[in-house]
Amino acid sequence: MPRLISIRKCLYSFLGIVSLLVIVSIYKINKPVAPVQEQIFNNDLREQTAWPEEKQDIFGNIDDEVKNTIKPPEKPWFWRDGTEYPTKSKGPSRLFPDQADGDRIVNQLMYIPEDYQGYDSPEKTILLYNGFSGWGQKSGTAAFHQCPVSRCTLTADRSKASEADAILFKDRVVQPGVERPMKQVWILYHLECPYHTQSVKVPDSINWTSTYRRDSDIVAPYEYWMYYDPEVKTKEQDKDYAANKTKKVAWFVSNCGARNNRLQYAEELGKYIEVDIYGFCGNLKCPRSEDKRCFNLLKTDYKFYLAFENSNCRDYITEKLFINGLKYDVLPIVMGARPEEYQKVAPEGSYIHVEEFEGPQELAAYLHRLDKDPDLYNSYFKWKGTGQLINTHFWCRVCAMLHSPFGSKHYEDINDWWRGPGICTSKSWRSSEFV
Ligand SMILES: *[C@@H]1O[C@H](CO)[C@@H](O)[C@H](O)[C@H]1NC(C)=O
Ligand SMILES: *[C@@H]1O[C@H](CO)[C@@H](O)[C@H](O)[C@H]1NC(C)=O
């Protein structure tokens, strides 16, 4: 009898485990792969700016304060401490601009082709035609080790031009002068804005683009902000961000002649509110060796920071906003892309765009108002602790896309796409669009 009972027990527990597994797998299958997120990234490649960036653990210092905030139980693999890996993607892929809106970065990060066989899939060779300089990568497969789709290899050996699956041209396109296989994908990568890049001599030769522009095939933003929960964009703050700050506006800048006349704007602003300009274009100095101390001044002394880009171009938003500004508990005032473009990528209510105002005088008046009203000033910091900057794993996405069943595409005129009318302006967006 006792024997029989234990057999029955065994049977019951076995059935229990099986049904549990079935439930779990049903849940996994039905779970959406990833929501299309409004977006930002961080590739390893960026312009050497005059000021330091602490890439690691960005905004990480606030994590202690926000340990108890809303975070989903399981985070996707590309988040810090993320563990959720994608399973094979069924249905239509939503990787390219004509397949889905937005930057599609999360779709690409969570994509595994249905027929992908891991090591049994053919390896895709990506030729970096202009070499490895600036990429922080070596030839071989190392760049793909932690990718969901990892069967790819990098090379800079130009003799592979006739057999590579993809050729990536960084900043300039050089005709390889060998026959080009039908399936070979030419990718144009730009880090800099159109003013600082060359025209392409054969404008109909490019298949895919990879730039900070949100309508690129493989969007490569300077930084990429994501909310822990897209529904939760503000959080009660314990800190008074106005406390102890006695100074008004700071700006760290080394390049004085910029296409958007940002220096003139800052100087004009300086007539109505105190603007401290550090660096080559101003009268305050901060030696390179003391970068960190200078940046900490933003945290302790200044209320506002001019996160002015050097050019007003579509989607051109660099680390000047995300690192120099948002990281240092100072309210960034931005100039560069259009207001609605900042809105799509920055934490909500985290900055002021110069074009919300008629001009420097009106902006200064508002800054004075903020200066006298700590509650209003602090309302610009409510986003803190609601998300993080994530690494968007550029190479993983390139590899996943090369393994996808992509159709043929090319840009009729890449120069028109990259630098055509309406992409950049030397004036303010207001005056170039409404006058
Ligand atoms: C302001 O200064 C006081 C006194 O030095 C200090 O205790 C406090 O932590 C400071 N507040 C902030 C927000 O830095
Ligand atoms: C790439 O673009 C060329 C035109 O420059 C076109 O002939 C070719 O079919 C395209 N290939 C793919 C894979 O999109």
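Trainee: What share of the contacts in the protein with a separation of 6 or more comes from residues 24 or more positions apart?

Mentor: In this predicted model, such residues account for 74% of the contacts with a separation of 6 or more. The secondary structure comes to 11 helices and 14 strands, and buried residues make up 38% of the 435 residues.

Trainee: Why is Gly-282 called buried?

Mentor: Gly-282 has 21 other C-beta atoms within 10 Å. A residue is buried if 20 or more other C-beta atoms lie within that distance, so Gly-282 is buried. Gly-282 lies in the loop between strand E8 (275-278) and helix H4 (291-300).

Trainee: How do you know that Gly-282 is in contact with Val-253 and Ile-277?

Mentor: Two residues are in contact if their C-beta atoms, placed from the backbone, lie within 7 Å. Val-253 and Ile-277 are in contact with Gly-282 on that definition, leaving aside neighbours within four places in sequence. For Gly-282 and Trp-251, the separation is 31 residues in sequence and 8.8 Å in space, C-alpha to C-alpha.

Trainee: What makes Asp-81 exposed?

Mentor: The count for Asp-81 is 7 other C-beta atoms within 10 Å. A residue with 12 or fewer is exposed, and therefore Asp-81 is exposed. Asp-81 is found in the loop between helix H1 (2-30) and H2. Its phi is near 65°, a positive value in a residue other than glycine.

Trainee: Why does Asn-261 count as partly exposed?

Mentor: Asn-261 has 17 C-beta neighbours inside 10 Å. Exposed requires 12 or fewer and buried requires 20 or more; 17 falls in between, so Asn-261 counts as partly exposed.

Trainee: Why is Lys-247 called partly exposed?

Mentor: Lys-247 has 15 other C-beta atoms within 10 Å. Lys-247 is found in strand E7 (residues 247-252).

Trainee: With which residues is Lys-247 in contact, leaving aside its neighbours within four places in sequence?

Mentor: They are Glu-274, Asp-276, Asp-301 and Tyr-302. Lys-247 and Glu-274 are 27 residues apart in sequence and 7.7 Å apart in space, C-alpha to C-alpha.

Trainee: What makes Asp-371 partly exposed?

Mentor: Asp-371 has 18 other C-beta atoms within 10 Å. Buried would require 20 or more and exposed 12 or fewer, so Asp-371 is partly exposed. Asp-371 is found in helix H7. Leaving aside neighbours within four places in sequence, Asp-371 is in contact with Lys-248 and Lys-303. Phe-304 and Asp-371 are 67 residues apart in sequence and 9.4 Å apart in space, C-alpha to C-alpha.

Trainee: At what angle do helix H3 and helix H7 pack?

Mentor: H3 (residues 262-269) and H7 (residues 360-372) pack at an angle of about 55°, and their axes are 9 Å apart. That makes H3 oblique to H7, because angles under 35 degrees count as roughly parallel and those from 65 to 115 as roughly perpendicular. The crossing of H3 and H7 is right-handed.

Trainee: Which residues make the contact between H3 and H7?

Mentor: H3 provides Tyr-265, Glu-268 and Leu-269, while H7 provides Pro-360, Leu-363 and Ala-364. These residues divide into 5 nonpolar, no polar and 1 charged.

Trainee: How do you know that helix H9 is mostly covered?

Mentor: In H9 (residues 394-403), 10 of its 10 residues are buried. Among them are Phe-394, Trp-395 and Arg-397. What covers the buried residues of H9 includes helix H2 (105-109), strand E1 (124-128) and strand E2 (152-155).

Trainee: Which residues surround ligand 1, and how do they divide?

Mentor: Ligand 1 is surrounded by Lys-239, Asp-240, Ala-243 and Asn-244. The shell divides into 1 nonpolar, 1 polar and 2 charged.

Trainee: How do the residues of the shell around ligand 2 divide?

Mentor: They divide into 2 nonpolar, 4 polar and 3 charged. The residues around ligand 2 include Met-182, Lys-183, Asp-204, Ser-408 and His-410.

Conventions. Residues are numbered from 1 along each chain as its sequence is written. Chains are lettered from A and ligands numbered from 1 in the order in which they are written. This is a predicted model: local features need pLDDT of at least 70, side-chain atom pairs count only at pLDDT 80 or more; totals for chains, interfaces and linings use all residues. A residue is near a molecule or strand if its C-beta atom, placed from the backbone, lies within 6 Å of it. Ala, Val, Leu, Ile, Met, Phe, Trp, Tyr, Cys and Pro count as nonpolar, Asp, Glu, Lys and Arg as charged, and the others, Gly among them, as polar. Axes are lines fitted to C-alpha atoms, for helices over the stretch in contact, and angles run from 0 to 180 degrees between N-to-C directions. Helices (H or I, at least four residues) and strands (E, at least two) are DSSP runs, numbered from the N terminus. Angles under 35 degrees count as roughly parallel, over 145 as roughly antiparallel, 65 to 115 as roughly perpendicular and the rest as oblique. A crossing is left-handed if the near helix is turned anticlockwise from the far one by less than a right angle, and right-handed if clockwise.
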